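Please consider the following protein model together with its sequence.

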Amino acid sequence: MAVASSIAVSIRNLSFSYPDGHMALHGIDLSITEGERVALVGPNGAGKSTLLLHLNGTLRGQGEIEIAGRPLRDGHFAEARSAVGLVFQNPDDQLFSPTVFEDVAFGPLYMGLPKEEVRQRVERALAEVGMSGMEERMPHHLSLGERKRIAIATVLSMNPAILAVDEPSMGLDPRARRGLIRLLAGLEQTVIACTHDMHLVRDLFPRTVILDQGQIAADGPTSAILADTALLEKHGLEAP
């Protein structure tokens with residue numbers, strides 16, 4: 001008998017309004033299985049990044065969120081939040097140290113881990129993103145593609161169960177984009193990404209969720225959603 005997969009993310013009736021009164025999310029219900037790769041797509045202002053920022057508690061709306069079975073609320077907040085590694089759209093928002101090593105080591109050091117374990121985590125994370133040997137480089141001297149890889153390494157060093165990535169391919173040249181696809185495809189973590197890159201969606205994410213006006217408009221296999229031209233046009237999207 002097949003063993004049921006664990007639920008990585010469970011969202012029930014999530015709503016969120018910004019301080020100016022703009023309602024960004026309306027009653028979102030979403031369940032993501034451990035190990036899935038899921039794309040969040042939709043027009044600008046659809047609520048994609050807002051939803052992503054709820055997964056680690058950066059934003060906190062009304063509703064219930066569970067991360068790896070742990071409720072994301074007071075009393076369990078730190079434990080649940082530690083399971084999610086959030087990678088920002090702009091890597092320069094994530095990289096602030098003089099060297100790559102210090103950036104990747106920041107999270108494990110903050111967790112209070114011994115220096116030797118920190119070093120091992122840094123080496124392992126850099127190897128996972130194909131950046132071994134870059135420890136002493138200055139992040140601001142690296143290319144955009146390299147900085148994006150280092151930004152991913154900064155969260156991988158904390159061993160998250162879930163990687164939440166905002167616009168991972170934005171600004172990348174074709175070679176860097178292909179490298180990013182190989183990197184994300186090889187990770188064991190559950191991967192959830194907000195993106196406008198429908199080629200990336202096709203190539204990397206078996207499941208696609210369309211958000212529009214703060215609501216889920218469609219959720220299903222990427223192949224079926226990309227084949228539905230009318231659905232894509234209705235929500236400001238184009239097939240790759």
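Why does Tyr-110 count as exposed? The model is a predicted one, and in it Tyr-110 has a relative accessibility of 72%; the threshold for an exposed residue is over 50%, so Tyr-110 counts as exposed. Tyr-110 lies in helix α3, which spans residues 100-110. Together with Phe-96 and Phe-106, Tyr-110 makes up a nonpolar patch on the surface, and the accessible area of these three residues together is about 420 Å².

The discussion now turns to the sheet. Six strands form an open sheet with mixed pairing, in the order β6-β7-β8-β3-β9-β10. Its edges are β6 (84-87) and β10 (215-221), each of which pairs on one side only. From one strand to the next, the twist averages 15 degrees. Strands of a sheet pair through backbone hydrogen bonds, in either a parallel or an antiparallel manner. Strands β7 (residues 162-166) and β8 (residues 190-194) run parallel and are joined by five bridges. Within this pair, Leu-163 of β7 stands opposite Val-191 in β8. Helix α5 (residues 144-156) packs on the sheet, where it touches β6 and β7, and its direction makes about 160 degrees with that of β6.

Most residues other than glycine have a negative phi. Ala-68, although not a glycine, has a positive phi of about 50 degrees; this residue is found in the loop between β4 (62-67) and β5 (70-71). Asn-159, likewise not a glycine, has a positive phi of about 55 degrees and is found in the loop between α5 and β7. Ala-68 is partly exposed, with a relative accessible area of 35%, and Asn-159 counts as partly exposed at 41% relative accessibility.

Note on methods
Residues are numbered from 1 along each chain as its sequence is written. This is a predicted model: local features need pLDDT of at least 70, side-chain atom pairs count only at pLDDT 80 or more; totals for chains, interfaces and linings use all residues. Side-chain values use heavy atoms; hydrogens and water are left out. Two strands pair if DSSP finds at least two bridges between them. Helices (H or I, at least four residues) and strands (E, at least two) are DSSP runs, numbered from the N terminus. Axes are lines fitted to C-alpha atoms, for helices over the stretch in contact, and angles run from 0 to 180 degrees between N-to-C directions. Contact means heavy atoms within 4.5 Å. Patches are made of residues with over 30% relative accessible area and no salt bridge: like charges are joined within 9 Å, nonpolar side chains (Val, Leu, Ile, Met, Phe, Trp, Tyr) within 5 Å. Accessible areas come from the Shrake-Rupley method with a 1.4 Å probe; for residues, only the protein chains shown count as cover. A salt bridge is a side-chain nitrogen of Lys or Arg within 4 Å of a carboxyl oxygen of Asp or Glu. Buried means under 20% relative accessible area, exposed over 50%, partly exposed in between (1.4 Å probe, protein chains only).
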